[in-house]
Amino acid sequence: MQKSDDIERARVLVDMARVAEQHQETAKAQSLYDDALAQFAECSLDPFLPDVLRWKGTLLREKGETESAFRCYTKSLEKATLIGSDAAMAHALNCLGTIAQRRGDQKETERLYAQAAELAERARDSRLLGMIEQNRGVLASMRGDFGQAAAFYSNSLGAFEVAGDAEPMSWVLNNLGILHTKIGNFNEARGHLERGRAIAVNRGDAVVENVTTLNLAEVWMGLGRLDTADKFCAIALEQAQRRGDHLSAAGALKIRAAIERKRGALDKSIATLRIAIFEAEGAEDRLLHAEMLRELGEISRAVGNPGAARSAWREAVDSYQAIGASHEIAEIETQLDQLPG
């Protein structure tokens with residue numbers, strides 16, 4: 001039987017881990033989560049255990065350690081199932097859905113989100129339902145169904161606003177920013193992202209601050225403000241490197257490569273993109289992989305090598321097809337048609 005003193009110690013360690021995360025002390029946070037998990041017996045069915053496993057998994061996911069995150073979420077689901085907690089099972093399934101989505105497994109992503117939503121509804125967890133709806137919006141946006149994505153996001157944001165729940169509001173605002181960036185509504189995207197970033201800064205949420213900063217860099221680039229884009233990109237890269245977040249660092253470097261390309265610094269652009277590809281290695285992020293191939297095609301075209309551009313873009317199309325990104329596929333196919341030869 002699990003001792004109550006051990007559980008209390010685990011709670012204190014988790015609280016410390018959360019504080020370390022806020023201060024971008026990722027290695028310390030991970031160590032504290034490990035110490036918290038060490039307080040539980042192997043056969044423990046304490047209701048707090050699935051939460052700790054899930055929180056550690058999310059820390060790992062945000063660092064780009066996809067397989068390690070998957071293992072934590074799977075263990076969380078196993079424990080939640082043995083405990084019989086609908087809410088804990090729903091949380092774990094939702095998190096597993098984000099991993100399946102990163103890996104480009106569309107059917108599994110849909111299945112996991114649907115199962116999570118059913119359990120969250122049964123548990124009457126409206127906050128979790130809002131989070132799942134938001135994740136479904138990300139999936140719809142990825143497929144190019146922007147109307148459905150906007151509806152998911154609006155429903156989710158409205159529910160969080162009514163509840164005064166700032167944390168998930170910042171997530172939805174970030175995703176609305178990404179959606180409007182995709183369709184070229186850069187000023188609207190900027191408004192959503194700045195609002196989300198302000199919430200994150202106010203809460204001391206380093207992860208969301210980093211993500212919104214990076215997405216603002218892309219918006220400023222879309223608006224043709226390359227100096228401002230470069231400034232935001234540098235901030236995002238520094239934040240990601242401080243946290244040991246290889247995935248966000250790769251995303252920042254990809255945007256920096258695009259900025260350098262637009263400035264005509266093509267040799268620098270190629271070198272930066274190579275570093276981005278190295279940073280993303282092992283993260284299993286199909287979308288980022290496709291985006292980097294797309295940028296490689298852009299750089300190849302800019303240096304006057306249409307053959308290399310064609311090769312990179314065809315490979316990018318294959319990656320986008322794996323995740324059902326129809327909007328991006330259509331854009332690249334138009335670019336392929338415009339290549340000489």
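**View 1. The N-terminal cap of helix α11.** D205 caps the N-terminal end of α11, with a side-chain oxygen 3.3 Å from the backbone nitrogen of V207. The model is predicted; local features need pLDDT of at least 70, side-chain atom pairs count only at pLDDT 80 or more, and totals for chains, interfaces and linings use all residues. Residues are numbered from 1 along each chain as its sequence is written, and side-chain values use heavy atoms, with hydrogens and water left out.

**View 2. Helix α11 along its length.** Helix α11 covers residues 206-222, 17 residues in total; helices are DSSP runs of H or I with at least four residues, numbered from the N terminus. From first C-alpha to last, α11 reaches 24 Å, close to the 24 Å expected at 1.5 Å a residue (the expected span is 1.5 Å times one less than the number of residues). Of the 17 residues of α11, 13 are buried, so the helix is largely enclosed by the rest of the structure. Buried means under 20% relative accessible area, exposed over 50%, and partly exposed in between, using a 1.4 Å probe and protein chains only. Just after α11, G224 takes a positive phi of about 80°.

**View 3. The salt bridge between D165 and R127.** The closest N and O atoms of D165 and R127 are 2.5 Å apart in a salt bridge, defined as a side-chain nitrogen of Lys or Arg within 4 Å of a carboxyl oxygen of Asp or Glu. The pair links distant parts of the chain, 38 residues apart: D165 sits in the loop between α8 (146-163) and α9 (166-182), and R127 in helix α7 (residues 126-142). D165 is buried at 18% relative accessible area, whereas R127 is partly exposed at 29%.

**View 4. The salt bridge between E161 and R195.** The side chains of E161 and R195 form a salt bridge with an N to O distance of 2.8 Å. E161 belongs to helix α8 and R195 to helix α10 (residues 186-203), and the pair links distant parts of the chain, 34 residues apart. E161 is partly exposed, with a relative accessible area of 36%, and R195 is partly exposed at 37%.

View 5. A salt bridge joins the side chains of E167 and R203 at 3.9 Å, N to O. E167 lies in helix α9 and R203 in helix α10, so the pair ties together parts 36 residues apart in sequence. E167 is partly exposed at 25% relative accessible area, and R203 is partly exposed at 29%. Salt bridges with shared partners join R127, D165, E167, R203 and D205 into one network.

Technical notes:
Helices (H or I, at least four residues) and strands (E, at least two) are DSSP runs, numbered from the N terminus. A polar contact is a pair of N or O atoms within 3.5 Å; within protein, one must be able to donate a hydrogen and the other to accept it, and residues adjacent in sequence count only if both atoms are side-chain atoms.
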